[in-house]
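Let's walk through this one together, feature by feature. Ask how to read something, and we'll look at the general idea and then at the case in hand.

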Amino acid sequence: MFFRRKGRLRKEYDEKLLIQLSRLKNHWQQEKQLLEKSFDPSEEVICQTKIAEAKYIFLLREAKQRNVTLLR
């Protein structure tokens, strides 16, 4: 009785994880492009790029651990 929600909640959070993963990937790519186009990038831009990459990699590892795929 109590275990029925487990599968539904897992699917719901997996979908949220995939949405966040794609959003963070786009953000990281934008930051990386900004860094590449900069003539003399500041320390703040470099740190923001590294933070965006770290967030993306963290969620990517979480998705891998949860066996989530992008196949729709």
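**Reading the helix packing**

A: Start with Leu 24: setting aside neighbours within four places in sequence, Leu 24 is in contact with Lys 55, Tyr 56 and Leu 59. Contact here means heavy atoms within 4.5 Å. Before going on, note that this is a predicted model, where local features need pLDDT of at least 70 and side-chain atom pairs count only at pLDDT 80 or more, while totals for chains, interfaces and linings use all residues. Residues are numbered from 1 along each chain as its sequence is written, and side-chain values use heavy atoms, with hydrogens and water left out.

Q: Where does Leu 24 sit, and is Leu 24 buried or exposed?

A: Leu 24 belongs to helix H1. Helices are DSSP runs of H or I with at least four residues, strands are runs of E with at least two, and both are numbered from the N terminus. With a relative accessibility of 12%, Leu 24 counts as buried. The scale goes like this: buried is under 20% relative accessible area, exposed is over 50%, and partly exposed is in between, using a 1.4 Å probe and protein chains only. As for Leu 24 and Leu 59, they are 35 residues apart along the chain, and their C-alpha atoms are separated by 8.7 Å.

Q: What does Leu 21 touch, leaving aside its neighbours within four places in sequence?

A: Leu 21 is in contact with Tyr 56, Leu 59, Leu 60 and Ala 63, with those neighbours left aside. Leu 21 is also found in helix H1 and is buried, at a relative accessible area of 9%.

Q: What sits over the ring of Trp 28?

A: That's the charged end of Lys 32, 4.6 Å from the ring centre. To count, NZ of Lys or CZ of Arg must be within 6 Å of the ring centre and within 35 degrees of the ring normal.

Q: How many salt bridges does the structure hold?

A: Side chains of opposite charge can pair when their charged atoms come close. A salt bridge needs a side-chain nitrogen of Lys or Arg within 4 Å of a carboxyl oxygen of Asp or Glu, and the structure holds 2. One joins Lys 16 to Glu 12, with the closest N and O atoms 3.7 Å apart. Both residues lie in helix H1, 4 residues apart, about one turn of the helix. Lys 16 is partly exposed at 43% relative accessible area, and Glu 12 is partly exposed too, at 35%.

Q: Which residue forms a salt bridge with Asp 14?

A: Arg 66 does, with the closest N and O atoms 2.8 Å apart. This pair links distant parts of the chain, since Arg 66 is in the segment after H2 and Asp 14 is in helix H1, 52 residues apart. Arg 66 is partly exposed, with a relative accessible area of 22%, whereas Asp 14 is buried at 14%. Asp 14 also touches Val 68, not counting residues up to four places away in sequence.

Q: How many helices and strands does the chain have?

A: The chain has 2 helices and 0 strands.
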